[in-house]
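Hi everyone, thanks for coming along. Let me put the structure up on the screen, and then I'll walk you through a few parts of it.

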Amino acid sequence: NSTAADLQEPTVEDLMKSDPEVERWRSGAEEDLKRAGDTPLARAFLALVIGDWAEARRCFEEATRTTPDRPEGWNFLAKLAAREGQWPEVVEWCTQGWDRDRGFTLHLSNRAAAWFMIGEQRARAGKEYEESFRKACTDC
């Protein structure tokens with residue numbers, strides 16, 4: 001029998017305690033990103049590597065303002081919002097990314113998943129949900 005705690009994503013600290021190779025990888029990635037230069041995207045990925053989600057979000061938001069045509073900022077803002085269950089926000093970030101880069105299809109698949117989750121939440125709450133599922137299918 002699984003509990004909710006069993007299904008939670010392990011933290012960076014949990015992974016480092018359980019596998020010393022993870023700490024070596026994190027340290028190497030941190031050094032590589034420092035050498036990449038002082039750009040919003042580099043700072044955002046560095047924040048992800050060290051597990052500072054708030055700083056990663058701030059830097060990805062800055063990256064979308066300074067380099068809006070790069071898909072990484074939009075994609076990772078959507079991933080951070082999904083991590084918090086903020087499905088309408090996921091839809092917004094994915095839409096912003098898709099509007100700028102029609103070739104980056106992860107924007108569509110992530111947006112479809114978010115619409116599906118919105119529909120699931122609405123259905124459980126006894127609210128109209130079919131429109132959310134239609135939008136999910138449109139993006140698939």
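**A buried asparagine and its helix**

Let's begin with Asn 75, which is buried, at a relative accessible area of 5%. Buried here means under 20% relative accessible area, exposed means over 50%, and partly exposed is in between, using a 1.4 Å probe and protein chains only.

Before I go on, a word on the source: this is a predicted model, where local features need pLDDT of at least 70, side-chain atom pairs count only at pLDDT 80 or more, and totals for chains, interfaces and linings use all residues. Residues are numbered from 1 along each chain as its sequence is written, and side-chain values use heavy atoms, with hydrogens and water left out.

So where does Asn 75 sit? You'll find Asn 75 in helix α6. Helices are DSSP runs of H or I with at least four residues, strands are runs of E with at least two, and both are numbered from the N terminus. What does Asn 75 touch, if we skip its neighbours within four places in sequence? Its contacts are Phe 104, Leu 106, His 107 and Asn 110, where contact means heavy atoms within 4.5 Å.

Helix α6 covers residues 71-83 and helix α8 residues 106-124; they pack at about 15 degrees, with axes 11 Å apart. The axes are lines fitted to C-alpha atoms, for helices over the stretch in contact, and angles run from 0 to 180 degrees between N-to-C directions. α6 and α8 are therefore roughly parallel, a label for angles under 35 degrees; over 145 is roughly antiparallel, 65 to 115 roughly perpendicular, and the rest oblique. On the α6 side, the contact uses Pro 71, Trp 74, Asn 75 and Lys 79, and on the α8 side Leu 106, His 107 and Asn 110.

Stepping back, the chain has nine helices and zero strands. Buried residues account for 33% of its 140 residues. Among contacts between residues at least 6 apart in sequence, 36% join residues at least 24 apart.

Finally, the cysteines. How many disulfides turn up in a search of the whole structure? The search finds zero, a disulfide being a pair of cysteine sulfur atoms within 2.5 Å.
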